[in-house]
Amino acid sequence: MSRRWTGPLRSAAALIVALLVSAAVARRHHLEVRDDFRRYILLSTFGFYAGGVLDVRVSHFRVDPGTEENMFGLSLDKTMSDSMNPYLDSHQDKCILTEPVAVQSNGPIVFFKMDLKQNVVHVSCSKDWQNIHLYKDRSGVPALRSKRQSFAEASDSKMVYMQRRRRSAYHVPESDDFAPGAAAIDGGSAATVCSKLTLPLEVKADDMFKYYSFNFAIYVATKQEEGLYNLYFHSCPNYAPNSLYELNFNVDIEEKNSGNYLSAGEMPLPALYFMMSVLFFLSGLFWVFILRKSKHPLFKIHYLMGVLVFLKSLSLMFHAINFHFIEVQGEHVEAWAILYYITHLLKGAVLIITIVLIGTGWTFIKHILADKDKKLFMIVIPLQVLANVAEIIIAESDEGDKEYGTWRNIFMLVDLLCCGAILFPVVWSIRHLQEAAGTDGKAAINLRKLKLFRQFYIMIVCYIYFTRIIVILLKITVAFQYAWLDEMFKEMATYVFFVLTGYKFRPVSQHPYFSLHGEDLDDDDDDGEVEILTQSGLSEGISKITNRSQPSANAASGTTMVESHEEERENLISKRESSHEYD
């Protein structure tokens, strides 16, 4: 089987290397949108702590001649969890930029509307946004310059907006009271109402098209501004029926949390992956120790289980190293990323093979796979490889890529198919044992096997249900800074599943799976268990032969069934006759 799947695994590894050459770069995003007709595009989702900086630059936005009246722009909203976006859920058929920002009441949101005629970007905020520090470029962000420069330039033109919620006794001026770009100075602090403010929109004519560019930076200054920031691009012409506008532009985004390029919910992940890697490695060593010290029969599946544990440990180790470089540099090192994806691919294939082999009872209760088992392998292994490749593409793609949603749907579908397929061999084995329990006279042994298979079936179902459903529900429920909990519970569930599987199928002679030799003896009517009856001279050479196939009434009555060779029987009879001569 290994030779059969060497080709697909090599092809998948080559595909991974090719993907990494053109992969998106971690937390420094560079997205190129070409010939796209989507209504809105998710550009970024990132959890910010106080001191975080979001730097965005939209460049080479191509506009066809005569279409300058169309509305395009960005929306930036803030939520506290990674649940369904309330604004997109209620604006599937209507462009949100066409509505006044004052009527938006589902949470803090900021609009960046591009005015292609006036060459400006109008900025407006909802009333729910308490504090926001918006700058024309990142050079004005206090976190990126010295403290002295921060005080000296606090009121210059680079700081476009800083809004604070007033007390009810103080009047906040309405947006109509200000000219575009004006500032309200009150009490010595620079504060404006976030409306009718503008950012410069650069325009460049080339051939028959115009190309627009603008950039801005947002500084998360206080704890009240912390949250999960979602940045979307909106193309209002594509909301109209029978109207498709072709989008072509580039976006460069850099997200940072006080020197850390990881999102708030991802910061503990490098340490988590490292600790879980060490835990799996120590467990693998313990499994090897059990196999070496075991005096009971060992099967090939035991060694395959050990290989699986070490592959899981290596995969987590490379994953931790990959996240460490993203944390420090904002991008991964391709060598470590390739090692992680290769081990992740191998781990996924070995995991599905191990589960299916255990479910079929291979080397435990049979040494040859049935035709239906082989057909199942031919279906499940390519599906698992496809699921792993789809997962890798998702990880290495930006959320705004056109293919991102397609590969995510492929991964979810194929993953569910694999999870359902691995249950079939367990169900087949359970049905086989149920039929055999009442036909072959070995009901006790088969019932023990049946009980174990049912336990393994429940373990698989619980593992699938927890890692595919419960973890997702947990992710969209907890606050943004605790998003790492879903990965922790997923890895812990995997570890518990590995430990329980190893415990249930460990090499122990009392285990019903490891009574093959005893069962073989039962099937042979000429063999039996030999025990020495006595060491007296009279009975020397006589053996007690236990025939399990005889009725239990003989055993209950204490009768011993003796079988021997003809010569031994003649010797025994002659000895008995000679002993009666002296009577």
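Residues are numbered from 1 along each chain as its sequence is written. Because the model is predicted, local features are reported at pLDDT of at least 70 and side-chain atom pairs at pLDDT 80 or more, whereas totals for chains, interfaces and linings use all residues, and side-chain values rest on heavy atoms, without hydrogens and water.

An open sheet of six strands runs in the order S2-S14-S4-S5-S6-S11 with antiparallel pairing, where strands are DSSP runs (E, at least two residues) numbered from the N terminus and two strands pair if DSSP finds at least two bridges between them. Its edges are formed by strand S2 (40-48) and strand S11 (197-200), each of which pairs on one side only. Neighbouring strands are turned by 20 degrees against each other on average, direction ignored, the axes being lines fitted to C-alpha atoms. Within the sheet, strand S5 (residues 109-115) and strand S6 (residues 120-125) are joined in the antiparallel sense by six bridges, and Phe-111 stands opposite Ser-124 in S6.

One disulfide is counted, a disulfide being a pair of cysteine sulfur atoms within 2.5 Å. This bond joins Cys-95 to Cys-236, with an S to S distance of 2.0 Å, and the torsion about the S-S bond is about -45 degrees, so the disulfide is left-handed. Cys-95 lies in the loop between helix H2 (86-89) and S5, and Cys-236 in the loop between strand S14 (227-235) and strand S15 (247-257), so the pair ties together parts that are 141 residues apart in sequence. Cys-95 is buried at a relative accessible area of 4%, and Cys-236 also counts as buried, at 12%; buried means under 20% relative accessible area, exposed over 50%, and partly exposed in between, with a 1.4 Å probe and protein chains only.

The UniProt record, an unreviewed entry, places the feature "transmembrane region" at several spans, including residues 376-395 and 407-428, although such annotations may be inferred rather than shown by experiment. Residues 376-395 are 100% helix, with end C-alpha atoms 28 Å apart, while residues 407-428 are 95% helix, with end C-alpha atoms 32 Å apart.

Helix H8 (residues 404-421), a DSSP run of H or I with at least four residues, has 18 residues and reaches 26 Å from its first C-alpha to its last, close to the 26 Å expected at 1.5 Å a residue. Among its buried residues are Tyr-404, Val-414 and Cys-418. Seen down the axis of H8, the buried residues fall within an arc of 155 degrees, so they line one face of the helix, whereas Leu-413 and Leu-416 are exposed on the other side.

Note on methods:
Axes fitted to C-alpha atoms, helices over the stretch in contact; angles between N-to-C directions. Expected span 1.5 Å × (residues − 1). Arc of directions from axis to C-beta.
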